[in-house]
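User: I have a protein chain to look at. Can we go through it step by step?

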Amino acid sequence: MLSGFGKFLFRGNVVDLAVAVVIGAAFTSVITAFVKDILTPLIALVVGKPEFSRLFLIVGRTRFAYGDFLNAVFAFVAVAAVIYFLVIQPMNAINARLNPVTEAVPQTRECPYCLTAVPLLATRCGACTSELHAQA
């Protein structure tokens, strides 16, 4: 029973996934620090607020910390942009080179009488039994 669990844990996919999660968490913390320590102060400089991340709005007795929320949104967009431009785009380019798309050769044609799909080499339509000229 435990040997199966051990085999599962040390299978390649599980180890790869664990490494990806750890690297993803570290990467996210780097991007979050970039947003908090560099991007947010730049935006605060433009907006004119000294600490953008500490912006809040008080309605009644409730405090809405929209600066923190905007930091999280900026961090998410930054992580998504980096992943898209540094991982997805290059992988799509590599896949396009390795697996070029070829045009699909049609395997059927339409019966001119009933418009049913018929194999290219068929001499009769299977639906309406009309006689057809075979195409090569």
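Analyst: Accessible areas come from the Shrake-Rupley method with a 1.4 Å probe. The model is predicted. With that probe, the chain exposes about 11,000 Å². Carbon and sulfur atoms supply 68% of that area.

User: What is the order of the elements from the N terminus on?

Analyst: The chain has three helices and four strands. Read from the N terminus on, their order is α-α-β-β-α-β-β.

User: What radius of gyration does the chain have, and what would a compact globule of 136 residues have?

Analyst: Start with the box. The C-alpha atoms fill roughly 80 × 50 × 35 Å along the principal axes. A compact globule of 136 residues would have a radius of gyration near 14 Å. The chain has 30 Å.

User: What share of the 136 residues counts as buried?

Analyst: Buried means under 20% relative accessible area. Of the 136 residues in the chain, the share that counts as buried is 13%.

User: Among contacts between residues at least 6 apart in sequence, what share joins residues at least 24 apart?

Analyst: A contact means heavy atoms within 4.5 Å. Take the contacts in the chain between residues at least 6 apart in sequence. Those that join residues at least 24 apart make up 19%.

User: Is Leu98 buried or exposed?

Analyst: Leu98 sits in helix H3, which covers residues 66–98. The relative accessibility of Leu98 is 61%, so Leu98 counts as exposed.

User: Is Ser130 buried or exposed?

Analyst: Ser130 lies in the segment after strand E4 (117–119). Leaving out residues up to four places away in sequence, Ser130 touches Tyr113, Thr123, Arg124 and Cys125. Its relative accessible area is 17%, so Ser130 is buried.

User: Which value is phi of Leu115 near?

Analyst: Most residues other than glycine have a negative phi. Leu115 is in the loop between strand E3 (108–110) and E4. Leu115 is exposed, with a relative accessible area of 57%. Its phi is positive, though Leu115 is a residue other than glycine, and lies near 65 degrees.

User: What is the phi of Thr129, about how many degrees?

Analyst: Thr129 is in the segment after E4. Thr129 is not a glycine, yet its phi is positive, at about 60 degrees.

Definitions and conventions
Residues numbered from 1 in each chain as written. Predicted model: local features only at pLDDT ≥ 70, side-chain atom pairs only at ≥ 80, totals over all residues. Heavy atoms only, no water. Helix = DSSP H or I, 4+ residues; strand = E, 2+ residues; numbered from the N terminus. Buried < 20%, exposed > 50% of the residue type's maximum accessible area, 1.4 Å probe, protein only. Rg over C-alpha atoms; globule rule 2.2 N^0.38 Å.
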